[in-house]
Amino acid sequence: PAPRRAEPGVFTERVFDALPSAFVMKANHGSGFVEIVRNRKDTSFEKLDALAQRWLSTDFYMVARERHYRTIERRIFFETLLVGEDGNVPADLKFHIFNKQSGEQTIYIAVITDRFGEHPRGDMYDVDWNIQDISIGNYERSAMPAPRPGNLDALLSVARALASEFEYVRVDLYESNDAVYFGELTFTPGAGLFPMFPDKVDYEWGRLF
């Protein structure tokens, strides 16, 4: 009999064998479904398939009732692993963008460094890359501000374009070797439950759209 073809979109051993030596495995229907593989030889199809099945069986909507996850078609996908000259994954650049009907736009940029390392840090900047006394979530602040990205204007241009149709969205981007990479759009970061410091920021941001 003719060999059975794999169903489109299904993670199979053939898919695993075709992956590059380094990659990132993700799921689209929740938060934190990320597995970084720096060397495919250090893992196996069986290990990643078990992880994928665990993710796919999780109804993330039931965790915090984020409506965007309620009807999404669950998918596993793979991306190129981005690394900097130091061998580390580049910082997450999270653009919190608020659009008023008047056309006024306000942007705050959260920078999460060493997210997958031992000492993750989270810092907030304004659109001109001035450090802000604002914290979201439980990340510790960095001892020193991060250097301004050389292609900040390009990053802002991409973020603004992606956010243009929404009152609020968080646009996640990465910068590597002066190139801009898209991460995701998030409408309810932390399910809207992340603590914000100082407390007044929660109120002030709520008035921006």
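Six strands make up an open sheet in the order β7-β6-β5-β4-β9-β10, with antiparallel pairing; two strands count as paired if DSSP finds at least two bridges between them. Helices (H or I, at least four residues) and strands (E, at least two) are DSSP runs, numbered from the N terminus. At the edges stand β7 (131-132) and β10 (179-186), each with a single partner strand, so one side of each has no neighbour in the sheet. The model is predicted: local features need pLDDT of at least 70 and side-chain atom pairs count only at pLDDT 80 or more, whereas totals for chains, interfaces and linings use all residues. Residues are numbered from 1 along each chain as its sequence is written, and side-chain values use heavy atoms, with hydrogens and water left out.

Tyr125 stands opposite Ile131 in β7, while Met124 has Gln132 of β7 as its bridge partner. β6 and β7 form a hairpin with four residues between them, and Trp129 in the turn has a positive phi of about 65 degrees. Towards β5, six bridges join β5 to β6, again in an antiparallel arrangement, and Thr113 stands opposite Arg121 in β6. Five of the six residues of β6 are buried, so the strand is largely enclosed by the rest of the structure. Buried here means under 20% relative accessible area, exposed over 50%, and partly exposed in between (1.4 Å probe, protein chains only).

Turning to the nonpolar cores, each is a set of buried Ala, Val, Leu, Ile, Met, Phe, Trp, Tyr and Cys residues joined through side-chain atoms within 4.5 Å. The largest has 17 residues, of which Phe11, Phe16, Met25, Leu48, Trp55 and Ile76 touch the most other members. Both β1 (23-27) and α2 (45-56) supply at least two residues of this core, and the largest share, five residues, comes from α2. Leaving aside residues up to four places away in sequence, Trp55 touches Met25, Lys26, Ala27, His29, Phe33, Val34, Glu35 and Ile76, contact meaning heavy atoms within 4.5 Å. A second, separate core of 16 residues includes Ile97, Ile109, Leu156 and Ala159.

Finally, Ala64 is found in helix α3 (residues 61-64). With a relative accessibility of 30%, Ala64 counts as partly exposed. Its C-alpha atom is separated by 9.2 Å from that of Gly192, although Ala64 and Gly192 are 128 residues apart along the chain.
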